[in-house]
Amino acid sequence: MAGIPGLLLNMTLIHLADVFFEKNGAAMLPVVVFSFIARETVSFITQKKWVFKTDKKESSREVQLYAINSLVIVVFSSVLFIYATENWKNIDVAFLPIIIGIITVVINIPVMFKIIFKK
């Protein structure tokens, strides 16, 4: 639930850029990068304040670990999606984001609880 505000921000920024730039791929790349950073920033704040309810002063370590974790998850899910589209022929492509999302959540929850936002 804590990722929903960041996801809404991400989708809104990409939609506005899509309308503004009229699907120009080169102009969309900086917008996609900016929307990813904005989404992860909002997600970090909601995770820290709402889910884990931490008010520790040592936020710089948490920010660094969260950023590394976000990049690892993006790379992992991208590689897994490419692998799955090539090798999992019996699964419909429409279900792959759901399956990969569940796999990344299962991997990410222990990381969030035990490494990034440990109390």
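**Close-up 1. The second largest pocket of this predicted model.** This pocket has a volume of about 180 Å³, and the residues that line it are Phe 36, Ile 37, Glu 40, Thr 41, Phe 44, Val 63, Tyr 66, Ala 67, Ser 70 and Leu 71. The elements that give two or more residues to this lining are α2 and α3. Sorted by class, the lining of the second largest pocket holds seven nonpolar, two polar and one charged residues.

**Close-up 2. The largest pocket and the helices that line it.** The largest pocket has a volume of about 1000 Å³, and of the 29 residues in its lining, Glu 40, Ile 73, Thr 104, Val 105 and Asn 108 are the closest to its centre. Two or more lining residues come from each of α1 (4-21), α2 (25-51), α3 (59-87) and α4 (96-116), with α4 giving the most, namely nine residues. By class, 17 residues of the lining are nonpolar, 10 are polar and two are charged.

**Close-up 3. Helix α1 and its buried and exposed residues.** With 18 residues, α1 reaches 25 Å from its first C-alpha to its last, which is close to the 26 Å expected at 1.5 Å a residue. Gly 6, Asn 10 and Ala 17 are buried in this helix; seen down the axis of α1, its buried residues fall within an arc of 40°, so they line one face of the helix. The face of α1 that is turned away from this buried side carries the exposed residues Leu 8, Leu 16 and Val 19. As a general point, an α-helix has 3.6 residues a turn, so residues three or four places apart point the same way.

Technical notes: Residues numbered from 1 in each chain as written. Predicted model: local features only at pLDDT ≥ 70, side-chain atom pairs only at ≥ 80, totals over all residues. Heavy atoms only, no water. 1 Å grid on protein atoms, 1.4 Å probe; cavity = no way out; pocket = protein on both sides within 12 Å on 5 of 7 lines; lining within 4 Å. Points joined across faces, edges and corners; volume = space filled by probe spheres on them. Helix = DSSP H or I, 4+ residues; strand = E, 2+ residues; numbered from the N terminus. Nonpolar A, V, L, I, M, F, W, Y, C, P; charged D, E, K, R; others polar. Expected span 1.5 Å × (residues − 1). Buried < 20%, exposed > 50% of the residue type's maximum accessible area, 1.4 Å probe, protein only. Arc of directions from axis to C-beta.
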